[in-house]
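Please look over the sequence and the structure below before reading the notes. The notes go from the whole chain to single residues.

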Amino acid sequence: MSWLDNYVRPRIQQLVRRAPSPQDLWRQCDDCAQMIFHRDLEQAMMVCPNCGNHMRIGAEQRFKLLLDDGSREDMIMPEVALDPLKFRDQKRYTDRLKDAHNKNGAGDALKAASGTIEGAPAVVAVLDFSFMGGSMGAAVGAGFLAAVQKAVENKAGFVAVTASGGARMQEGILSLMQMPRTVAALGLLKDAGLPYITVLTDPTTGGVSASFAMLGDVAIAEPAAAIGFAGQRVIKETIGQTLPDGFQRAEYLLDHGMLDIVSPRDELKATVGRVLNLLLQTEVEDEPVQELVIAPLPVEAVIAAEEQGEAPPPTDTEVTSLEDGVFVEAKYSEVDPEAAKKADEDPR
Ligand SMILES: [Zn+2]
C-alpha cells in the first residue's frame, strides 16, 4: 500500500472526525427501546437496566470483566498469511481486513490474554464479533492454538469467550480447516489435565459452534444468547416445522442439556472463577486439613479389599477422608506386618 493510504488518509480522517454529539451519549436498548445514558450502561456492563438485555461487548471489555485487576498480560497473536486465496467479492478481502482493523484496532477477530480469574491462573481467548462478525480464519485458528499452548505452559485453565458468525468465508477451505485445528489444540489441554471453560455469548453460530465452542468441560452462556449451528430460518425451511419458543437461546439449551450454566454478566467472573478454582484445585486454604500422618496401612482396609476381591490399596497412598466434617489427610507408608499377621489368624 502506498503512503497515501497508510499515512495521508488516516490523518485526514482524524482531522474531520466529528466530536461526540449528545445523541452518542445515549443508547437505545434493542430489546425494550429504553434510552440509557452511556455511563449508566457502562456501569451495568452493557446490560440494559430496564429489561436485562445483554448487549454485545468487545474483547477489551471482556478482559476487563473477567481478569483480576492488574493480572492481565496481553498475548501477541501469531502472524499468518493474509488472503492466501486472493479472494474478492464486492470488495477485496485484504480491504475488508483493513477496514475491520481500522474500526476495531485488533489484528484479527481473536484476542488472548493471560492472568488470573478470582485468583485462579487462566488464559482467556475472546472472539470479537465487531471484527468481521467474529469469523474464524487462519489467524483465529493460529491464535487459538497459541493461547492453548500458553495455558499449558502456565499450567493455567483455558477460557474461550465466543461470539461468532462461523467460518470466515473469504478463506474458503482454509477457514474450515481451523475447526479440526482448534479441536486438536484442545487435545493439548486435555493431555496436560487442564480445564477448558467456554463462555458462549450472543451469537455463537456456524463453524465456531461446530468446533471449539461446544467442547468446554464446563459450558457457560450469557442469558438469551443465540447459540446454534444453522440459523432458525434455515432449520425451519429444512424440516418444515414450527420451532419451539426460545429455540437456540441459552435458557432453552440449558433445559435441553447443551449447557451447564447460564450466568448473568455481573456474576460471570465469580462463576468462571469458582469453576476454575474447583477444577484446578487451587482453593485449598479454606478447608481444615489436618497434618499429614504417616501411618501403616490399616489392616481393615486390606481385609475389606480382599473381601471385595480387589487388590489392597497400594502403600504410600495419600488417603483423604471426611470425618466429623473435617478433612483428614493421611499417608500410609506400608502394611504393618504384625497387624496383618494377626488379622490373617483372626479375621474378626
Ligand atoms: Zn432493555
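Predicted model: local features only at pLDDT ≥ 70, side-chain atom pairs only at ≥ 80, totals over all residues.

Residues are numbered from 1 along each chain as its sequence is written. The protein chain holds 13 helices and 12 strands. Helices (H or I, at least four residues) and strands (E, at least two) are DSSP runs, numbered from the N terminus.

**The chain as a whole**

- Of the 348 residues in the protein chain, 32% are buried. A residue is buried if 20 or more other C-beta atoms lie within 10 Å of its own, exposed if 12 or fewer, and partly exposed in between, with C-beta atoms placed from the backbone.
- Among contacts in the protein chain with a separation of 6 or more, 68% are between residues 24 or more positions apart. Two residues are in contact if their C-beta atoms, placed from the backbone, lie within 7 Å.

**The seven-stranded sheet**

- Seven strands form an open sheet with mixed pairing, in the order E3-E4-E5-E6-E7-E8-E9. Two strands pair if DSSP finds at least two bridges between them.
- Strand E3 (73-74) and strand E9 (261-262) are the edge strands, and each pairs on one side only.
- E3 pairs with E4 in the antiparallel sense over two bridges; Asp-74 has Ala-113 in E4 as its bridge partner.
- E4 and E5 run antiparallel and are joined by eight bridges. Gly-115 stands opposite Ala-122 in E5, and Lys-111 has Val-126 in E5 as its bridge partner.
- E4 and E5 also form a hairpin with two residues between them, and Glu-118 in the turn has a positive phi of about 50 degrees.
- E5 and E6 pair in the parallel sense over five bridges, and Ala-125 has Ala-160 in E6 as its bridge partner.
- Strand E7 (residues 196-204) and strand E8 (residues 218-221) run parallel, joined by four bridges. Leu-200 stands opposite Ala-221 in E8.

**How the sheet is covered**

- Eight of the eight residues of E4 are buried, so E4 is largely enclosed by the rest of the structure.
- Both faces of E4 are covered: one side has Leu-110, Ala-112, Ser-114 and Thr-116, the other has Lys-111, Ala-113, Gly-115 and Ile-117, and all are buried.
- E5 is mostly covered, with seven of its eight residues buried.
- Helix H3 (residues 59-66) lies across E4, E5 and E6 and runs at about 160 degrees to E5. Axes are lines fitted to C-alpha atoms, for helices over the stretch in contact, and angles run from 0 to 180 degrees between N-to-C directions.

**Helix H5 and its neighbours**

- Helix H5 (residues 138-154) has 17 residues and reaches 24 Å from its first C-alpha to its last, close to the 24 Å expected at 1.5 Å a residue. The expected span of a helix is 1.5 Å times one less than its number of residues.
- The buried residues of H5 include Val-140, Phe-144 and Val-148. The buried residues of H5 pack against strands E4, E5 and E6 and helices H6 and H7.
- H5 and H7 pack at an angle of about 0 degrees, with their axes 9 Å apart. H5 and H7 are therefore roughly parallel to each other (angles under 35 degrees count as roughly parallel).
- Among the residues that make this contact are Phe-144 and Leu-145 of H5 and Ala-185 and Leu-186 of H7.
- Lys-155 follows H5 and has a positive phi, near 50 degrees.

**Backbone details elsewhere**

- The peptide bond from Asp-202 to Pro-203 is cis, with omega near -15 degrees. Pro-203 lies in strand E7.
- Ala-33 is not a glycine, yet its phi is positive, near 65 degrees. Ala-33 sits in the loop between strand E1 (26-28) and strand E2 (35-37), and counts as exposed because it has 10 C-beta neighbours inside 10 Å.
- Asp-83, also not a glycine, has a positive phi of about 50 degrees. Asp-83 lies in the loop between E3 and helix H4 (93-104), and counts as partly exposed because it has 17 C-beta neighbours inside 10 Å.

Conventions:
Parallel < 35°, antiparallel > 145°, perpendicular 65-115°, else oblique.
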